[in-house]
Amino acid sequence: MWEGNRCNANQALETGLAAMHLSSGVPREDAEFDSEEEDEEDVLVTLGFVQAAENDWKLQRHQFPSKVGGAPAWLDPVNIPEGDQTRCGVCGNPLAFLLQVYAPLREEGGGGLDQREDVFHRTLFVFVCQNMACLQQDQHLQYERSSQSLCRSLRVFRSQLPRNNPFYSYQPPSSDGLQDSSSCEGAPLCTWCGTWKANIVCGVCRQERYCCGIHQREHWIAGHSAFCGQIQAVTGATQHVPPFNLGLRPLTSGAANPNGGLTLPLLTPPSTETSNPVQTMVRDVLNRVVATTSRRHGIAKLWPEMELIVDEEENFEPTGVSQNSTSMTQHLPNVYEKSREDGKEFSASDMQDVEDSLSEQQKWAAFQAHIARAPDQVLRYSRVVGAKPLWPSAENCVPSSSDIPPCSNCGGPRIFELQLMPQLLYFLGVHNAPESDSLDWATIAVYACASSCCIATSGRKGYLEEFPWVQLAVT
């Protein structure tokens with residue numbers, strides 16, 4: 001269903017956005033890294049915009065959403081990334097969820113585009129460290145071929161499933177928000193961030209779970225200590241539990257479930273079948289905690305949650321921005337003649353400097369012209385032959401083909417798939433005050449496996465990492 005000029009991302013993808021398919025799985029040429037001027041109008045680009053979700057259930061994982069902010073709606077809810085994959089490779093803090101894009105693949109078949117059965121569901125997830133100093137260092141680290149493994153403040157994960165899978169119904173999701181009874185329960189998530197798998201539990205209340213000690217400490221300072229104080233008061237406990245919780249205990253692993261991974265048992269309040277008034281008070285307190293856990297998944301500096309909707313760039317009228325810029329071939333003779341009239345020496349080096357400067361101005365003008373067609377765009381998506389990022393700068397950290405490492409799973413090449421625009425920061429409420437440490441970027445481009453290989457082929461489960469490339473604004 002179209003909403004004005006734009007449509008729900010999931011609906012648009014399901015109704016056949018031809019831009020979001022890989023023709024016959026053939027890797028593209030290195031032309032996408034070419035800095036020369038090319039005709040970009042022939043490449044179909046899908047633009048992403050944000051809006052408040054009409055209903056919260058639209059952003060739940062069994063609806064296969066595309067969304068920004070909040071906590072991720074993991075496609076594979078069991079085999080979630082763990083360990084170093086969840087942390088910034090620079091500062092070590094847990095990464096924050098930025099956005100996810102539901103992008104199943106289509107390929108050319110008999111007489112049209114067919115859904116790839118092994119990639120019936122496919123989602124890309126983007127995470128970032130909220131420390132700008134880490135992102136600045138990341139711009140240098142991304143040139144290291146080993147940077148795809150550890151030392152990055154940006155991470156992109158890809159998950160894909162066949163239509164027949166253990167987590168979701170074979171049939172399309174309900175349009176009324178009801179979760180299908182066949183949907184699989186996911187792994188328990190961190191109380192504080194709602195993002196990463198919870199591997200530790202509070203040693204006092206035994207109810208709150210955390211992905212790391214950092215989030216446990218933040219929750220404790222933010223008020224969980226008061227709750228645990230209530231537990232100690234009503235139980236008559238005398239043991240002192242420090243605010244940075246030396247009582248963290250690993251969750252006990254249960255039996256392996258049939259879908260892989262471990263089933264972690266849910267800790268529940270005491271049974272309601274008791275006449276003991278102390279146990280009744282504890283039960284009532286714990287019931288309130290369990291009932292409100294999901295609502296506390298916004299305390300931990302999560303960005304506001306919004307639905308991601310899409311429309312084709314060709315549906316927006318071109319502006320006159322690019323018409324105001326003169327071509328380089330017109331500028332150079334004018335600069336040369338003016339220098340001769342002023343009696344100045346104009347060497348070949350000077351000519352190259354002018355040419356580089358004008359080239360950069362043209363690149364910026366072209367970037368502005370594209371953005372002016374839809375100023376509120378936060379994402380550009382184009383997984384088609386010839387697609388490449390829209391770089392704001394031609395000289396500032398533009399990758400060559402050798403800078404993009406091959407797929408870590410199959411060893412095949414990666415290709416450009418999407419890029420994040422700086423406007424996204426505005427909608428997330430990130431305001432760049434002078435001398436602040438707020439996040440800022442010119443663009444973030446994501447390169448994914450050209451064949452969108454399946455992780456099962458390597459004997460693993462869960463998520464594969466793809467490669468982000470960040471270009472920061474020149475200051």
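**Charged side chains and their salt bridges**

Asp138 is buried, with a relative accessible area of 0%. In this predicted model, Asp138 pairs with Arg152 in a salt bridge, with the closest N and O atoms 2.8 Å apart. Arg152 also counts as buried, at 2% relative accessibility. The two residues are 14 residues apart, Asp138 in helix α2 (132–141) and Arg152 in the loop between α2 and β9. The pair thus links distant parts of the chain.

Glu313 and Arg380 form another salt bridge, at 2.9 Å from N to O. Glu313 lies in the loop between β13 (306–312) and α5 (328–341), and Arg380 in strand β14 (residues 379–381), so the pair ties together parts that are 67 residues apart in sequence. Both residues are buried.

The whole structure holds ten salt bridges. One of them joins the side chains of Lys197 and Glu82, at 3.5 Å from N to O. Lys197 is in the loop between β9 and β10, and Glu82 in the loop between β4 (67–68) and β5 (96–102), so this pair ties together parts 115 residues apart in sequence. Lys197 counts as buried, at 13% relative accessibility. Glu82 counts as partly exposed, at 38%.

Arg163 is buried yet has no salt bridge. Its place is in the loop between β9 (154–161) and β10 (200–201). The nearest side chain of opposite charge, Glu117, is 6.0 Å away. The Arg163 side chain instead reaches the backbone oxygen of Tyr170, at 2.8 Å. Beyond its sequence neighbours up to four places away, Arg163 touches residues including Phe120, Ser169 and Pro172.

Notes
Residues are numbered from 1 along each chain as its sequence is written. This is a predicted model: local features need pLDDT of at least 70, side-chain atom pairs count only at pLDDT 80 or more; totals for chains, interfaces and linings use all residues. Side-chain values use heavy atoms; hydrogens and water are left out. Helices (H or I, at least four residues) and strands (E, at least two) are DSSP runs, numbered from the N terminus. Buried means under 20% relative accessible area, exposed over 50%, partly exposed in between (1.4 Å probe, protein chains only). Lys and Arg count as positive and Asp and Glu as negative; His and the chain ends are not counted. A salt bridge is a side-chain nitrogen of Lys or Arg within 4 Å of a carboxyl oxygen of Asp or Glu. A polar contact is a pair of N or O atoms within 3.5 Å; within protein, one must be able to donate a hydrogen and the other to accept it, and residues adjacent in sequence count only if both atoms are side-chain atoms. Contact means heavy atoms within 4.5 Å.
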